Amino acid sequence: MAAAMIFPNRAPVAFGRRAVPQLFEQLRDGDPAHKVRALTSLCDLVHEPERLYQTVTGGFLKQLHVLLKDPDPSVRSKTCELLHLLMNHTIGRAALLSSSLLAPLSDLLDDSSSTCRRNVHLVLSGLAELPAGAEALLKLVPKLMIKLKQMAQRQQQEEEQEEEQKEEEQEEEEEQEEDEEQQEEEDQEEEDQEEEQQQEEEQQQQEEQQEEEQEEEQQQEEEQQQQEQQQQEQQQEEEQQQQQEEEQQQEEEQQQQEQQQQEQQQEEEQQQQQEEKQEQQQQQEEQQLEEKQQQQQEEQQQEEEKQQEQQQQEEQQQQQEVKQQQQEEQQQQQEQQQQQEEQQQQEEQQQQEEQQQEEQQQQEEQQQEEQQQQEEQQQEEQQQQEEQQQEEEQQQQEKEQQQQEEQQQEEQQQQEKQQQEEQQQQEEQQQQEEQQQEEQQQQEEQQQEEQQQQEEQQQQQEEQQQQEEKEQQQQQQKEEQQQQEEKEQQQQEKQQQQEEQQQEEEQQQQEEQQQEKEQQQQEKQQQQEEKQQEEEQQQQQEEQQQQQEEQQQQEEQQQQLQQQQEKEQQQQEKQRQQEEQEEEEVLLLSTLSSCSRLNPLPALASGGVAVLRQTLSHRSPSIRREAAGVLMALSIPADGKQQVCEEDVLPALIVLLRDGDVDIQTNAAGVIMNTVIIRRGKYLSLELGVIPVLLHLLSEEEEEEKQRKKRKTLVIYCLRALTGLAEAPEGRGLLQEHLPLLERRSQDEDQDIRRAAQTAVKVVTWRP
């Protein structure tokens, strides 16, 4: 039950050899869901060779005969999948051939479930790979040809339907384009009317704006005259103020020059003091550099000592590893000796058993009827003894391995302890050395800090003197600034009085003008409000129309999206069905090719050439490849060559020679090679112009070895086909012009190609 909860799609599996019988007992249940779960579990178990052998030899295949006729399609498909997995082993293939399951399997070729049909074709194609399986399937060749003919007819119907659908789609697209053009024309007419209305409104607005601009220009001219008078008065006042300011600036410049001279003298004195300080600092830095160099030398010596210690430790570790390797070699030698002893014991036991069996056979010839029961008992006792001996030997081996592992673990632990102690000693030495270095560095840092403190005190005293001098200068500057500010305040008061008078006059004028403007603006606003109301009403109407149009567009878009989704789903389903059909057709053709290579007469009797001619133009390259392979097998007998000529297959084969797939080209060249043997095939091929195509395939050079190996059979088939065509005088005349190509191929590295090219050259150069 736990397994069923973890894997709901599988049945619970018993332990050991009881698993397969239990699952086949569950297959007798009437519920199809239980059957499917049991079959999935069996499919998982059959991957193991022991379980596969148990299912085949246990007589369980008879029960599958009933499941192949089950009404549930999932049960039928799973049983076929189980048979396909059994086909992966020779025992399964032999059991299937000896059983009576081929008849019900052939009935499932027309099953409604695609997975079931696929699994049936997989089983049949796997059987056809063996000569015995192909011979057993020769009875089904007529049925397979009928199935292939149905697939070809179905393909033609689907292609016709696709063409009709494409024509209908084109007509629908044309109708949609016409409707869109009509809608565009109507929209353009409406837009033209709206533009005319807008132009009329714009003209009215422009006339009103021109009148307003004229009135504004008059007002601006009056304002400009008033502003010009005010500006002239202001300019006179500003000129007077500038003269006064220039006089004040001259006095200030004289004072600043005197101050600058004093500051320069002070700066020179400060520079001399700083130079003296820098000289002192340089001397101190030189002393510090000498001390650092000494420290670096000491550190280098310490590092050299550490490296020597590390080298010693590595040498010790290497010695320990060599010891460990020696111990492991000794252990391996002991194990080999033990294995040899065990083999000797087993051989002695086998010899004893053989002697006992010979004695028993002599006794059986004398007393067969009386001693049958005694012999069975003796055999059972011998088997028990052998099993006990094997179990005891296994236990002894396990005990010895455990002892060896314990010894190895103890030795490793001791080695690890020694390494840890040595590492601890090294770490203690390193810590002591680091402490000594830190004490020396601390002493040097203290000395440097004392020197720096003395220098800082001297700098602070000098800075205090400079600050006192700067404060005195700042006080003098503040007094001068106060005097200037008092003068500026007096001037500003005068200016404010004048400005106040001017502002009062301007305000009176502006109030009068504003009253006139307000009256005019009120009248304009009333007119504009009336226009706006009319425009708003028009806009509301337009918005309503737009909303309605948008809703219609959205609905149309949704419908289009739904239609597109439905089309995509239909296309996906069609593609899936086409892929399944193509896979079935490929498997069917592979079984036919295997059977036809063994005996092509049943396929020829059922009209196989005419059916295969239709599949040569299939859109799938794998189907074209397999169909050409079947035709190559059918064209070996004389009847097959005649049918290839009568059914007009050669034009389709010439098209396949121009295909991009090498396998398709090789199979097509093989069919032509076989048909060219007869007289009718030669002359039909010459009429269709096969020679240039074959020469083009020969002229292609292969740079890589993989391509060369892949195209080897194609080149050989082309050369043999050309030799057959050269037997006719017309073909010989055409090929004499291309003798250099054939001679170049006669010097090829490959022996088979060279032999085929040499025979072709002999036939072409032959003269009666």
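Biologist: At roughly what angle do the axes of helix H16 and helix H19 cross?

Modeller: This is a predicted model, where local features need pLDDT of at least 70 and side-chain atom pairs count only at pLDDT 80 or more, while totals for chains, interfaces and linings use all residues. Residues are numbered from 1 along each chain as its sequence is written, and side-chain values use heavy atoms, with hydrogens and water left out. Helices here are DSSP runs (H or I, at least four residues) numbered from the N terminus, and axes are lines fitted to C-alpha atoms over the stretch in contact, with angles from 0 to 180 degrees between N-to-C directions. The axes of H16 (residues 638-646) and H19 (residues 679-688) come within 9 Å of each other, and they cross at roughly 30°.

Biologist: Are H16 and H19 roughly parallel or roughly antiparallel?

Modeller: Their axes cross at roughly 30°. Angles under 35 degrees count as roughly parallel, over 145 as roughly antiparallel, 65 to 115 as roughly perpendicular and the rest as oblique. The two helices are therefore roughly parallel.

Biologist: Which residues of H19 make the contact with H16?

Modeller: Contact means heavy atoms within 4.5 Å. On the H16 side you'll find Gln642, Cys645 and Glu646. By class, the contact has two nonpolar, two polar and two charged residues (Ala, Val, Leu, Ile, Met, Phe, Trp, Tyr, Cys and Pro count as nonpolar, Asp, Glu, Lys and Arg as charged, the others, Gly among them, as polar). H19 puts in Arg680, Gly681 and Leu684.

Biologist: Let's move on to H18 and H22. How many residues of their contact are charged?

Modeller: H18 (residues 662-675) and H22 (residues 712-726) have axes that come within 9 Å and cross at roughly 25°, which makes the pair roughly parallel. H18 brings Val662, Gln665, Thr666, Ala669, Gly670, Ile672 and Met673, and H22 brings Thr713, Leu714, Tyr717, Cys718, Arg720 and Ala721. Eight of the contact residues are nonpolar and four polar, and the number of charged ones is one.

Biologist: Now the holes. What volume does the largest cavity have?

Modeller: On a 1 Å grid over the protein atoms alone, a cavity is a set of points where a 1.4 Å probe fits but cannot get out, and lining residues have an atom within 4 Å of a point. Points are joined across faces, edges and corners, and a volume is the space filled by probe spheres set on them. The structure holds four cavities of 30 Å³ or more. The space in the largest one is about 120 Å³.

Biologist: Which helix gives the largest share of the second largest cavity's lining?

Modeller: That cavity has a volume of about 60 Å³. Gln295, Glu298, Glu299, Gln302, Gln437, Gln440 and Gln441 line it. The largest share is four residues, from H11.

Biologist: And how many charged residues line the largest pocket?

Modeller: A pocket is an open set of points with protein on both sides within 12 Å along at least five of seven lines, and the largest one holds about 1,600 Å³. It is lined by 33 residues, with Gln183, Asp187, Glu190, Glu549 and Gln553 nearest its centre. H11 supplies the largest share, 17 residues. By class, there are no nonpolar residues, 16 are polar, and the charged ones number 17.
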